[in-house]
Amino acid sequence: MMMETTTRNQPPDARMQPAGQNACSDIPVSSKPAALLPVFEARLKAAGGDIFRPADAAAAQALLVSQYPQARVICSAAPEISGNKDFYCTGHPHDLADVDVGIIRACFGVAENGMVWLNQEDPLVSTLGFLAQHLVILLSPDQIVPDMYDAYLKVHLEDTAYGCFMMGPSATTDIGAVLVHGAQGAGSLRVYLLAS
């Protein structure tokens, strides 16, 4: 019995090639929505998040107090809203384990899926985003891009130590298809549209 062996470096057998010249197919380009904010809002809500439009920083502070009246520890890494735990005096990520509400400013949002990009040099900021029981994200409404193609053009990992996309609150579903929020992270995520 004779076996024919081939190696990867050998050119393909011409008999195995399709007849004629076949042009490559075009890559479809999806249309981008003209109004990004309604798309972003719909996707964020579908992921379990909420969106609010405070008029200014003072209105955002008042909104926070009204939405979380039972919160004992509020920690903010955004200068527009203050909390009762000084983020900048926190020395170790474990010091944020008791935070009820964390406030972070996102770099930009993605309309296609309702995600925000968090990009911070300080690792405590990312810790706050995952240890807080509830998360409030500040986002400038003019910093929403249409889709992930545009998002990756704005991400420059060579300039930062850490970054992540976040979409909605933490969620998991067990075998019985029961959705649980807050199992491995924030139980709620609210986006405040507030210019930086």
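## Sheet

Two strands count as paired if DSSP finds at least two bridges between them. In this predicted model, an open sheet of five strands has the order 1-11-6-3-2. Its pairing is parallel. Strand 1 (50-52) and strand 2 (74-76) form the edges. Each of these two pairs on one side only. From one strand to the next, the twist averages 20°.

Strand 6 and strand 11 run parallel and share six bridges. Within this pair, leucine 135 has leucine 189 of strand 11 as its bridge partner. Strand 3 and strand 6, also parallel, are joined by five bridges. There, valine 101 stands opposite histidine 134 in strand 6. Strand 2 and strand 3 run parallel too, with three bridges between them. Cysteine 75 stands opposite glycine 102 in strand 3.

## Strand 3

How many of the residues of strand 3 are buried? Five of its five are, and the strand is mostly covered. Val101, Ile103 and Arg105 point one way. Gly102 and Ile104 point the other way. The buried state holds for both sets, Arg105 included.

## Helices across the sheet

The chain has four helices and eleven strands. Helix 1 lies across strand 1, strand 6 and strand 11. Its direction is at about 140° to strand 1. Helix 2 (residues 57-67) lies across strand 1, strand 2, strand 3 (101-105), strand 6 and strand 11. Helix 2 runs at about 160° to strand 11.

Glutamate 41 sits in helix 1. Is this glutamate buried or exposed? Buried means under 20% relative accessible area. Glutamate 41 has 16% relative accessibility, so it counts as buried. Leaving out residues up to four places away in sequence, glutamate 41 touches Ile51 and Arg53.

## Nonpolar cores

In soluble globular proteins, nonpolar side chains tend to be buried together. Here the largest nonpolar core holds 29 residues. Which of them touch the most other members? They are Phe40, Val116, Leu118, Leu128, Ile137, Leu139 and Val191. Six elements each supply at least two residues of this core: helix 1 (36-46), strand 5 (115-119), helix 3 (123-131), strand 6 (134-139), strand 8 (163-166) and strand 11 (188-193). Helix 1 gives the largest share, four residues.

Valine 116 shows the contacts of one such member. Not counting residues up to four places away in sequence, valine 116 touches Phe40, Ala106, Phe108, Gly109, Ile137, Leu139, Cys164, Phe165 and Met166. Another core, of twelve residues, lies apart from the largest one. Its members include Ala60, Ala78, Val101 and Tyr192. Val101 is also one of the buried residues of strand 3.

## Chain totals

The chain has 196 residues, and 39% of them count as buried. It exposes about 12100 Å². Carbon and sulfur atoms supply 57% of that area.

Contacts reach across the sequence. Of the contacts with a separation of 6 or more, 71% involve residues 24 or more positions apart.

Methods:
Residues numbered from 1 in each chain as written. Predicted model: local features only at pLDDT ≥ 70, side-chain atom pairs only at ≥ 80, totals over all residues. Heavy atoms only, no water. Core = buried A, V, L, I, M, F, W, Y, C linked by side-chain atoms within 4.5 Å. Buried < 20%, exposed > 50% of the residue type's maximum accessible area, 1.4 Å probe, protein only. Contact = heavy atoms within 4.5 Å. Axes fitted to C-alpha atoms, helices over the stretch in contact; angles between N-to-C directions. Areas by Shrake-Rupley, 256 points an atom, 1.4 Å probe, with all protein chains shown as cover.
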